Structures are given as structure tokens and as C-alpha cells.
Amino acid sequence: MPAARADVRRVFDGMPPSKKDKKAPTAAAVDRIGALPDEILHHLLSFLPAQEAVRTCVLARRWRHLWKFATGLRIVEFEDARSVQDVRKFVDHLLILRGHVGLNTFELELSGFSEDDVPYLNLWTRLAVLCNVRALTLHLYHIEFLCAKLDGLPLVSQHLRTLDLRGVSLQGSFLDFSRCPALEDLKMRHCQIDVDKMSSLSLKRLSIIFCRSALDHRVSVSAPCLVSFTLDSFAGRTPLLESMPTLEIAYVELGRACSDFCHNYINRGFCGANVAPCVNCLGYSDESRNTVLLGAICNAKHLELISPLGMMIFARDLKSCPIFNNSREAHSSTCFRGTST
């Protein structure tokens, strides 16, 4: 997709002129793009950064308002912008002039956001949802792990199908998708996830990569219709997965930043009666659930589990999960990869 977006402005450059054009090289004859129906032009404009799409208004009288009806908005930093505030001014005017015309895609990709800009980010997100957006992408990049806080209100949309988040802080009821019945694809990367529960009855693909949680308790994940699940390098307490009976593919990799790592394991084994419990084991000992991860994903057709030595969560889950109990030792290896059927 990135390569396609970069080249879309030159998609017609290599077209050879027709015989008719060679005989009569008039302006009308060579304006092949202008001859396309409005619906196709609206779609083509959606691949351009919003700033460039707006600039097409000077091409000809017909192009004056075409940009307002583009089926997608790509808001990225541009060369003339001296600060994020310049981008903010442009986007505010853009959304006012565009009105509530429907959107298929809305993509925001910026860096260097400050706290003063966060209310605008929330406003733009809600306006995109009001425009019945189908694919919503928010990618914010920061030098340090500082995330822009989205408001804690849940999204309400009958049309949203894909949500792609990067570098944002999620709180309150934002991840309650009970009022997004069409949502099927959720991606989160480098996000701060401080919600009690993530829930969706329609979600089919869930990806949580390099995210973290500062909560003392586990984030509960309820997505019974999941087909694909990825959890990679989660920092904090590992999320608690509820039943996923339709799951086909699962990939789980836990790193040292996970709070379910026993600090005593390498030298003395897991904390027990003869070993003073470490901080992580003290917080883990009061869990009431038999399994945190494997009970929900053990029926996946393709399953890959990776963790460093001393990961308490796999040790206990493997003992408590019948499908693995007779076939794998809980502490036997640094990496466990397998396929279950």
C-alpha cells in the first residue's frame, strides 16, 4: 500500500497517446484524467495526502470542489508546515469546508504531538466516525514512550470495520466496541492500554504489539469470534483472555518487560516455600483463574508460543490446560513452538 500511495500521482504518466491524440493534440484530447467519472476521481484523490488533494482545485473549473468528495482523507505532515499547529490549522479548515461527506478511510499520521493538540485529535477522530468511516488509522510517533490520550468514551458506529492505532493512550470505555457491530480488525502498536476490559462480539482479527499497561490488574479481553490473535512483547500484566472458540491462528511472545516473569527463576527456580517470593510472584499468587492465556487459545489450529525462561504465566497455564498437560513440560524450554489440531 505505501508504494501504491507514493506512485498514485503518476499513475497516468506512462500512458502513450492514442492515434486520435496524435492527429488532434487539443487540450480536450489529452485530458484523460478529466474525462473520468467523478466517482473514480473521488477514489483516486483518496490516495493522495489531503494537502495535495486540495491543491487539485486549481487544475480546472471541474476540479474546484472534487477534493471535498474524496472517499478517504490522509492527513500527514507536509513540507510547508513549521509546526504541528500548522497542520492543525489546515485540518480544521479542511474538515469545516468538507462537511459531513461520507468517508471510506481516514488516516492520521503525525509526530511531535503536544498535550494542547490532543483535544483536536479526539475531535478529528469523532468527526471521522460521524462521516461513517470504514477504516480508521491513527499513527502518532514520539521520541519517548509518551502517548496521546484519547478520550475514554466508546466509539459508536454501524460502519467502522478496521481500527489501526499507534502511539495512543487508551482509557475508560474506549475499547468497548459493543456499539460497533461491523468492526472486524483491530491493531494496536506502541499503545498504552489502561482499560479494564476490551470487548467486541464482531472482532475477527486482533493484534497487540509492543503495547503496555500500568494497571495493577489484568486487562480482560472478550472477543468470542476471533479468528486471528497476536500478542507480542506486552509490558505489564499479561491480558486475561476469555473464551475464543473460533480461533484459528494465535501468536504469543512474552518478553522480559512482562510482569509475569519470576526474578528468582534463573538462579533458584520459581518462587516457592523455600524461596522468598519476588515482587512479581507476590502479585501473581492471588490469581483465581486457572489459566490466563492458554485456556482461550489452546484450540487454535496454528499456535506459536514464545517466552523467556521463568515466565510464570506459561508454567501455570501449561499445567492447568488439559490439551498440553500430558504433552509438554511446563518449564522445559526457553521457546515453545507448536501446532495443535
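Q: Which residues line the largest cavity?
A: Rolling a probe the size of a water molecule over the atoms shows where empty space is left. A cavity is a set of points, on a 1 Å grid over the protein atoms alone, where a 1.4 Å probe fits but cannot get out; lining residues have an atom within 4 Å of a point. Here the lining of the largest cavity consists of A50, A53, V54, W67, A70, L73 and L94. This is a predicted model: local features need pLDDT of at least 70, side-chain atom pairs count only at pLDDT 80 or more, and totals for chains, interfaces and linings use all residues. Residues are numbered from 1 along each chain as its sequence is written, and side-chain values use heavy atoms, with hydrogens and water left out.

Q: What volume does the largest cavity have?
A: A volume is the space filled by probe spheres set on the grid points, which are joined across faces, edges and corners. For the largest cavity, that comes to about 30 Å³. A search of the whole structure turns up one cavity of 30 Å³ or more.

Q: Which helix gives the most to the lining of the largest cavity?
A: Helices (H or I, at least four residues) and strands (E, at least two) are DSSP runs, numbered from the N terminus. Helix 5, residues 50-55, gives the most, with three residues. Across the whole chain there are twelve helices and 16 strands.

Q: By class, what does the lining of the largest cavity have?
A: Nonpolar means Ala, Val, Leu, Ile, Met, Phe, Trp, Tyr, Cys and Pro; charged means Asp, Glu, Lys and Arg; the others, Gly among them, are polar. The lining has seven nonpolar residues, no polar ones and no charged ones.

Q: Is C180 buried or exposed?
A: Buried means under 20% relative accessible area, exposed over 50%, partly exposed in between (1.4 Å probe, protein chains only). C180 is at 0%, so it counts as buried. C57 is at 28% and counts as partly exposed. Of the chain's 341 residues, 44% are buried.

Q: How many disulfides does the structure hold?
A: Look for a pair of cysteine sulfur atoms within 2.5 Å. The structure holds zero disulfides.

Q: Which residues does R62 touch?
A: Contact means heavy atoms within 4.5 Å. R62 sits in the loop between helix 5 and strand 1 (72-76). Not counting residues up to four places away in sequence, R62 touches I33, G34, A35, L36, P37, D38 and L41. R62 and D38 are 24 residues apart along the chain, with 9.6 Å between their C-alpha atoms. The relative accessible area of R62 is 34%, so R62 is partly exposed.

Q: Which side chain makes a polar contact with the side chain of S222?
A: That of E242, at 3.4 Å. S222 belongs to strand 11, residues 220-222. With 16% relative accessibility, S222 is buried. Setting aside residues up to four places away in sequence, S222 touches K197, M198, S199, S200 and E242.

Q: Where is S200 found?
A: S200 is in the loop between strand 9 (197-199) and strand 10. At 4% relative accessibility, S200 is buried. Its side chain reaches the backbone nitrogen of L203 at 3.1 Å. Beyond four places in sequence, S200 touches F177, L183, S222, A223 and P224.

Q: What is phi of F210 near?
A: Phi of F210 is near 50°, a positive value in a residue other than glycine. F210 lies in the loop between strand 10 (205-209) and strand 11. S233 also has a positive phi, near 55°. The loop of S233 runs between strand 12 (228-232) and strand 13 (240-241).

Terms used:
On a 1 Å grid over the protein atoms alone, a cavity is a set of points where a 1.4 Å probe fits but cannot get out, and a pocket is an open set with protein on both sides within 12 Å along at least five of seven lines; lining residues have an atom within 4 Å of a point. A polar contact is a pair of N or O atoms within 3.5 Å; within protein, one must be able to donate a hydrogen and the other to accept it, and residues adjacent in sequence count only if both atoms are side-chain atoms.
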